[in-house]
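User: I'm new to this one. Walk me through it, please.

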Amino acid sequence: MSLLSLKDFTLSFNENGRLLNAVKDISMEIGKSEMVALIGESGCGKSATALSLMGLGNESAICSGHIYFEGDDIIGYDEGRWNRIRGKRISMIFQEPSAALNPLLRVGSQIMEMLRMHQDLDRKDARKRVLEMLESVELADVERIYRSYPHQLSGGQKQRIMIAMALINNPSLLIADEPTTALDVTIQAEIIELINRMNKEKGTAVLLISHNLSLVKGLTRRSYIMYSGTIVESGETEEILSSPIHPYTRGLIASIPDAGNRGKKLYSIPGAVPSLEERSGKGCPFASRCRICSDRCFSDFPEEKEIQGHAYSCFFSPDEIEERMNG
């Protein structure tokens with residue numbers, strides 16, 4: 001049994017009587033202790049999906065389908081039931097730690113609050129546990145860090161605080177939503193390595209949300225490629241990176257800087273991800289930006305095809321896609 005399983009999950013918003021789909025009929029799975037990537041450009045619905053897995057987000061959101069976590073369908077949970085699992089069985093690292101941390105409270109108190117919310121510990125034992133957690137996320141001078149306010153810490157330190165807070169109750173699933181966006185390259189690598197180590201040592205399953213395919217290489221076992229609220233390709237990460245099928249995935253990979261293309265203009269997928277208001281709900285969501293689309297792509301939605309565990313949603317076969325894109 002999977003730890004997490006989404007089945008035909010749809011997230012919609014009612015705008016003046018019109019139903020707008022931020023996420024539409026997606027299905028994905030994460031096994032126990034597995035690290036999985038959800039990849040796509042900004043505006044594709046990745047963060048909206050992540051917030052739904054935490055029972056957070058816009059109160060006007062309309063959810064349908066199923067989200068099974070540890071065998072239970074959590075999509076209809078009320079706030080009381082969410083409070084019992086949020087931060088304990090499912091935790092999340094947000095992409096901007098400065099916005100997620102309370103600027104008026106010392107970071108040690110914030111982590112302790114998360115711990116004591118779910119575990120029956122006195123203040124002394126809770127403080128000891130928090131200090132141990134700060135050490136485990138490779139922070140130095142933990143006594144000083146414990147007493148610090150968020151504004152007294154660097155971006156990398158604040159992200160480590162977020163990781164400590166997310167892992168303090170040993171959750172089964174950690175959602176990392178663009179955890180390195182606000183950090184410089186050196187700190188990015190350290191944070192990703194830290195998440196990877198926690199996954200290996202604690203057996204915590206990880207959903208790594210990113211727009212960066214090169215970031216997940218060698219880190220995640222499987223990946224889901226999301227575009228405009230739909231999953232357009234999924235499979236083993238190495239297989240997707242080495243042999244992408246969907247035109248969108250191929251475009252993402254082509255846009256990754258490569259030493260072999262030094263001096264050449266970096267590829268960019270033409271156009272932009274359509275806003276919720278611009279999505280017609282008809283045809284392939286990528287049709288307006290696709291180099292190989294046909295008339296059918298604008299009217300019909302392609303069914304998912306699978307080749308040895310590598311799934312994609314396109315009317316054309318892999319050979320036809322290859323020929324059309326290189327023709």
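Analyst: One term before we start: contact means heavy atoms within 4.5 Å. This is a predicted model, where local features need pLDDT of at least 70, side-chain atom pairs count only at pLDDT 80 or more, and totals for chains, interfaces and linings use all residues. Residues are numbered from 1 along each chain as its sequence is written, and side-chain values use heavy atoms, with hydrogens and water left out.

User: OK. What is Thr249 in contact with, leaving aside its neighbours within four places in sequence?

Analyst: Leu213, Ile225, Glu233, Ile240 and Pro244, once the neighbours within four places in sequence are set aside.

User: Is Thr249 buried or exposed?

Analyst: Thr249 has a relative accessible area of 0%, so it is buried. Buried means under 20% relative accessible area, exposed over 50%, and partly exposed in between (1.4 Å probe, protein chains only).

User: Which helix does Thr249 lie in?

Analyst: Helix 11, residues 247-254. Helices (H or I, at least four residues) and strands (E, at least two) are DSSP runs, numbered from the N terminus.

User: How many residues of helix 11 are buried?

Analyst: 6 of its 8 residues, so helix 11 is largely enclosed by the rest of the structure. The buried ones are Pro247, Tyr248, Thr249, Arg250, Gly251 and Leu252.

User: What covers the buried residues of helix 11?

Analyst: The cover includes strand 3, strand 9 and strand 10. It also includes helix 9, helix 10 (237-242) and helix 12 (318-326).

User: How many bridges for strand 10 and strand 12?

Analyst: 2 bridges, in the antiparallel sense, between strand 10 (residues 230-236) and strand 12 (residues 310-313). Ser234 has Ala311 of strand 12 as its bridge partner.

User: At what angle do helix 4 and helix 7 pack?

Analyst: About 20°, with the axes 8 Å apart; helix 4 is residues 107-118. That makes helix 4 roughly parallel to helix 7. Angles under 35 degrees count as roughly parallel, over 145 as roughly antiparallel, 65 to 115 as roughly perpendicular and the rest as oblique. The crossing is right-handed, a term for the near helix being turned clockwise from the far one by less than a right angle, with anticlockwise being left-handed.

User: Which residues make the contact?

Analyst: Helix 4 gives Val107, Gln110, Ile111 and Met114. Helix 7 gives Ile161, Ala164 and Met165. By class, that contact has 6 nonpolar, 1 polar and no charged residues. Ala, Val, Leu, Ile, Met, Phe, Trp, Tyr, Cys and Pro count as nonpolar, Asp, Glu, Lys and Arg as charged, and the others, Gly among them, as polar.

User: How do the axes of helix 7 and helix 8 cross? What is the angle?

Analyst: They cross at roughly 15° and come within 10 Å. The two helices are therefore roughly parallel to each other. This crossing is right-handed. Among the contact residues are Gly156 and Arg160 of helix 7, and Glu190 and Leu194 of helix 8. The classes are 7 nonpolar, 2 polar and 2 charged.

User: What order does the open sheet of 4 strands have?

Analyst: 2-1-4-5, with antiparallel pairing. Its edges are strand 2 (18-30) and strand 5 (72-73). Strand 1 (residues 4-15) pairs with strand 2 over 9 bridges. Phe13 stands opposite Leu20, and Ser12 stands opposite Asn21.

User: How many residues sit between strand 1 and strand 2 in the hairpin?

Analyst: 2 residues; Asn16 in the turn has a positive phi of about 55°.

User: Last one. Where is Gly218?

Analyst: In the loop between helix 9 (213-216) and strand 9 (222-227). Gly218 counts as exposed, at 68% relative accessibility. Gly218 and Glu238 are 20 residues apart in sequence and 7.5 Å apart in space, C-alpha to C-alpha.

Definitions and conventions:
Two strands pair if DSSP finds at least two bridges between them. Axes are lines fitted to C-alpha atoms, for helices over the stretch in contact, and angles run from 0 to 180 degrees between N-to-C directions.
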